[in-house]
Amino acid sequence: MQNKMKSLFTVLFAMLVCVPYGAVAAVAETAAQSGDVTDSNDIAEEMDAVSAAAVAAYNPDGSVFQQITDLEQEKVLMQLEKERAQLDLELDRLAAEKIKLHMEIDELSGRAEQQQQELENTQAKLEAEAARLEREKEELEAQTEELESRRATYATVTNTTSTSTQENKPAVNFDDQYRLVNVIGAGSQLQATIENLATGQKKTISVGKVVDGYTVQSISLDDGVVFTNGADVQALNVGKAN
């Protein structure tokens with residue numbers, strides 16, 4: 001822009017300077033033709049002197065050239081002001097973008113810290129849950145072992161009791177299987193008649209006889225017939241006969 005102004009100023013100045021210079025040249029040429037001036041060198045020197053005087057005496061204030069120059073300067077200043085305003089707007093925009101960017105960075109940093117804290121809290125909860133489940137597992141295993149031990153003990157006791165019951169259970173229940181029909185005889189010669197309730201078969205027995213693995217231990221009217229196998233003693237009394 002300044003180079004354009006300088007070029008314009010040079011052209012205008014040359015125009016203004018060349019006007020009187022051309023006039024002087026014309027006068028000099030006329031004088032040479034009329035014979036008033038005989039030396040061309042003198043004429044040229046006089047023309048240079050006139051031009052120098054014209055340049056030195058020229059005052060641009062208030063001239064058209066000055067007005068044009070001022071107008072161009074104002075246009076340049078206005079353009080510069082416009083560009084400066086645009087630059088100020090760009091700087092303001094960049095400052096706003098910078099502030100926004102810093103806010104976003106701070107927000108992202110805060111979110112990252114919050115997410116990190118949430119992850120740590122979640123991890124702590126998971127670890128606590130895992131520890132609780134591990135304790136419950138250990139408790140269940142202890143309870144399972146205790147129940148297994150109790151079951152084994154109960155099974156042993158049950159088997160022992162069952163075996164003992166089966167061993168102690170009499171092989172024959174005379175009250176359920178036989179009925180005392182009568183007792184006959186006297187003294188040590190007493191005999192008894194018993195009836196098998198399942199078959200209806202009757203049998204006469206005396207002391208020392210063996211019935212279903214039991215030996216007749218005694219026979220009396222009061223106690224009836226007493227049977228024994230050594231470990232078990234059963235009596236089939238007279239009252240049962242009725």
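Which residues form a negative surface patch? I found E134, E138, E139, E141 and E145. A patch takes residues with over 30% relative accessible area and no salt bridge, like charges being joined within 9 Å; a salt bridge would be a side-chain nitrogen of Lys or Arg within 4 Å of a carboxyl oxygen of Asp or Glu.

I noted that this is a predicted model, in which local features need pLDDT of at least 70, side-chain atom pairs count only at pLDDT 80 or more, and totals for chains, interfaces and linings use all residues. Residues are numbered from 1 along each chain as its sequence is written, and side-chain values use heavy atoms, with hydrogens and water left out.

I then placed E138 in helix α3 (residues 64-168), helices being DSSP runs of H or I with at least four residues and strands runs of E with at least two. E138 counts as partly exposed because its relative accessibility is 47%, where buried means under 20%, exposed over 50% and partly exposed in between, with a 1.4 Å probe and protein chains only.

Next I turned to strand β2 (residues 191-196), where five of six residues are buried. Six bridges join β2 to β1 (residues 178-184), running antiparallel, and L180 stands opposite I194; strands pair if DSSP finds at least two bridges between them. Five bridges join β2 to β3 (residues 202-206), also antiparallel, with T193 and T204 as bridge partners.

Last, I looked up an open sheet of four strands in the order β4-β5-β6-β7, with antiparallel pairing; its edge strands are β4 (210-211) and β7 (233-236), each pairing on one side only.

Notes
Patches are made of residues with over 30% relative accessible area and no salt bridge: like charges are joined within 9 Å, nonpolar side chains (Val, Leu, Ile, Met, Phe, Trp, Tyr) within 5 Å. Accessible areas come from the Shrake-Rupley method with a 1.4 Å probe; for residues, only the protein chains shown count as cover. Lys and Arg count as positive and Asp and Glu as negative; His and the chain ends are not counted. The place of a charge is taken as NZ of Lys, CZ of Arg, CG of Asp or CD of Glu.
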